[in-house]
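Thank you all for coming; I would like to walk you through one structure slowly, beginning with a single residue and ending with the whole chain. Please have a look at it before I go on.

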Amino acid sequence: MKQLSNELLEELIEDSLPYASEGAVRPVIPFYDETKKDILGITVWTGDASYHAGNTDMYVPMQSTAKIVTLMLALSDFGKDRVFEMVGMEPMGDFFNSISQLEQNHTDKPFNPMVNAGAIATSALVKGGNVEERFDRYMQFLRNITGNPHLEMNEDVYKAEKSNGARNRSLAYFLQSTGAMIMDPEEALDFYFRTNAVMMCTEDFARVGYFLANGGREPETNKRLIPPEHLRTVKSIMLTSGMYNSSGQFAVEVGFPLKSGVSGTMIGAVPGRMGIGIVGPAIDAKGNSTAGGALIKSLSQELGLNMFGVD
Ligand code: GLN
């Protein structure tokens, strides 16, 4: 077993970066193009020290990593029973924006909050008088848990999400037809698009992971913002569904809760130990960073982080 250090992270980045060539950058994200392909950065936050290597100052949209923040808020606002009346907790085993799975589920609700349909359903479960108020609460919460008061949504990314949002709209309206959408679908979508467009860097992603890993405490005050029960729920669902239809493989190879986004980001939460933030824009067909995936697997092995036992 090795010790966590910047040197170790640099070595692992060097070994993982070649995997970027197996992926592709998602072109619908503004300012994402092939020149971003060979970027890889990581921050590990242990509560008292930050370790990092590679490109850690690139701000990228949260994309699907936002789903865990929305779920935390929905659980605080409505409680577990109500949230899981509207969305399931089972792995879907298909692409994150699958439409056919919605109908095949036979429960009238999306499989889980980590896929698009599920996150659109939980977006409707964040309290506030209108979308601005609800999104303000989201931003305030995100700034609190990362300890970064400067986080903002990027207007261009938001517009791109909206104008490329036909698929997500279809999901939202389907949910309305089955009764799994408790508000105007456009309102829920608007909130969902905004959350996807918030810009963060590896340090911010690592801080979200640490918040989940370490009892849901606000970094500034150490005050508990989310009860342990909800954190357990979010981490369990991250483990079973956070990496879409590669979640099983990541549970085996990495062994702790993860959430990815199509901007090539990844949040890792190693319970009681550390938060991990990765940015590696080249993604595979399922939506996960190829170099980031290689990196998190080797990090877990080298540091013995697998929750289910180490060699
Ligand atoms: N904005 C993307 C979408 O809604 C996010 C998907 C993802 O990161 N997997 O489709």
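Predicted model: local features only at pLDDT ≥ 70, side-chain atom pairs only at ≥ 80, totals over all residues.

Residues are numbered from 1 along each chain as its sequence is written.

F31 sits in the loop between α1 (6–16) and β1 (41–45), where helices (H or I, at least four residues) and strands (E, at least two) are DSSP runs numbered from the N terminus. Its phi is near 60°, a positive value in a residue other than glycine. Y244, in the loop between α10 (228–241) and α11 (247–253), also is not a glycine and has a positive phi of about 55°, but Y244 counts as buried, because it has 26 C-beta neighbours inside 10 Å.

Let me turn to the domains. The chain is divided into domain 1 (6–63 + 199–303) and domain 2 (66–196), with bounds that come from an automatic or database domain assignment. Their C-alpha centres lie 20 Å apart, and 32 residues of domain 1 are in contact with 34 residues of domain 2, contact meaning that two C-beta atoms, placed from the backbone, lie within 7 Å. On the side of domain 1 that touches domain 2, α10 gives the most, with 7 residues, and that side divides into 17 nonpolar, 9 polar and 6 charged residues. Here Ala, Val, Leu, Ile, Met, Phe, Trp, Tyr, Cys and Pro count as nonpolar, Asp, Glu, Lys and Arg as charged, and the others, Gly among them, as polar.

Where does the ligand come in? The shell around the ligand draws at least three residues from each of the two domains, and by class it has 2 nonpolar, 8 polar and 1 charged residues.

Finally, the whole chain: it has 12 helices and 7 strands, and buried residues make up 52% of its 311 residues. Its C-alpha atoms fill a box of roughly 50 × 40 × 35 Å, taken along the principal axes.

Technical notes: Buried ≥ 20, exposed ≤ 12 C-beta atoms within 10 Å, placed from the backbone.
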